[in-house]
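I opened the notebook to record a set of look-ups in a single protein model. The entries follow the order in which I made them.

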Amino acid sequence: MNVQPLTQHRPGDGAAAQFSSAPPLSLYVHLPWCVRKCPYCDFNSHVAGAALPQAAYIDALLRDLEADLPLVWGRPVISVFLGGGTPSLFEPDAIDRLLSELRAHLPVLAGAEITLEANPGTLDTGRLAGFREAGVNRLSLGVQSFDDACLKALGRIHDAAAARRAVQVARACGFERLNLDLMFGLPGQDVDQALRDLDTALAAEPGHLSWYQLTLEPNTVFYSHPPPLPAPERMEAIYEAGLARLAAAGYSRYEVSAYARPGHGCQHNVNYWQFGDYLGIGAGAHGKLTLPDGIVRLAKYRQPATYMARASAGQAVAERRRLDHDERVFEFLLNALRLVDGFTWRQFGERTGASLGAVRPRLQEAARQGLVTVDTHGARATSRGFDLLDSVLECFLPTSVDA
């Protein structure tokens, strides 16, 4: 989808930026329930009761969407992502109804990427076949590990056999686009165990792998009661050996923790990282939209019961705020520098409405430190900068951005 050049204005307090066209638009749908809360999870997820209010929740999602439609009227949707929580807890018929209604409300492009996140412990052949028939064409399996001891330590509801079986059944049901989520640096994990996990995932030949280190996030059980994680030198050994394994298997790293075979990059997430637009519906969902007079962020009510009540009344938005100049610049860099290819100067101008002068001194300083590469085309993190991405981004914190 081509984006026309944008009208440029001198950066100021946020009101000065104007956009004559908008970037590509994606849709995120949050389905917030899980069988149980994992001790490392800081997402907006909630333990499911005896029965999920599937029909009522989808009704709320559609009312939420209807209220937001004036913000995106007529804009094509390039991707849809059903995340959670555990979306695969919903019945295939419910997902079919949801996707059908979404297409009725929005111009979803033919062949658009439609992803559903799934827990291997919730899947069987019938459910996977039903999701595929409903229109889901990309499956993201939250495997996390193929080691039973590690899965138990992570509080997962599935075992290694269920993970392997889910991959096989997904293939049999026609999911050619398949992502596996895999963690390393797990409690008690040594280098050999971590690499066995990765080798098992690679042997399954998914098109896409999200391979990332377990981190202890605030407001999680693991943060309050930290498990015994590998020492930093062991983490480094796992990381370096894993990168070599992935490259040898033909997986190109295109983002900090995303690796794909040719043609299998996640279009939805790439749109995030390129500072594209996305509409978010569902409990706790966030959105970012480019309007003619600036960029706004929307957040929906987090608690499912509150969300459903407010959405049913057409009032699902808990917070709406307009990004000022410094926020636009920083958030663009926060996302775009996660990509191996970085960004072009044209993308920077089109997506932020800011001038290059807003970041040139900081980029030059980061380049002097060997953290980024800057040329006439654009900028990207160096290998060193990729490993020290937090340090790179500190150069562009809003209080440090030159107006």
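**Basis.** I worked from a predicted model, in which local features need pLDDT of at least 70, side-chain atom pairs count only at pLDDT 80 or more, and totals for chains, interfaces and linings use all residues. Residues are numbered from 1 along each chain as its sequence is written, and side-chain values use heavy atoms, with hydrogens and water left out.

**Confidence.** I looked up pLDDT, the predictor's confidence in each residue, from 0 to 100. The protein averages 93, and 95% of the residues score at least 70. Over residues 1-15 the pLDDT is below 50, and beyond near neighbours in sequence this stretch has 40 contacts in the model (contact: heavy atoms within 4.5 Å).

**N44.** I located N44 in the loop between β2 (33-34) and β3 (46-47); helices (H or I, at least four residues) and strands (E, at least two) are DSSP runs, numbered from the N terminus. N44 counts as buried because its relative accessibility is 8% (buried: under 20% relative accessible area; exposed: over 50%; partly exposed in between; 1.4 Å probe, protein chains only). I then checked polar contacts (pairs of N or O atoms within 3.5 Å, one able to donate a hydrogen and the other to accept it; residues adjacent in sequence count only if both atoms are side-chain atoms). The N44 side chain makes one with the side chain of H46, at 2.9 Å. A polar atom of the N44 side chain also lies 3.1 Å from the backbone oxygen of R302.

**Aromatic rings.** I found 14 aromatic pairs (rings of Phe, Tyr and Trp, the last by its six-membered ring, with centres within 6.5 Å; planes under 30 degrees apart are stacked, over 60 edge-to-face, the rest tilted). F275 and F332 are edge-to-face, because their planes stand at 90°, with centres 5.9 Å apart. F275 lies in the loop between α9 (267-273) and β11 (277-282) and F332 in helix α11 (residues 325-336), so the pair ties together parts 57 residues apart in sequence. Both F275 and F332 are buried. Ring pairs link F275, F332, F343, W345 and F348 into a cluster. The charged end of K288 sits over the F275 ring, 3.9 Å from its centre (NZ of Lys or CZ of Arg within 6 Å of the ring centre and within 35 degrees of the ring normal).

**Helix α5.** I noted buried residues in α5, including A160, V167 and A170. Their cover includes α3 (125-134) and β7 (177-184).
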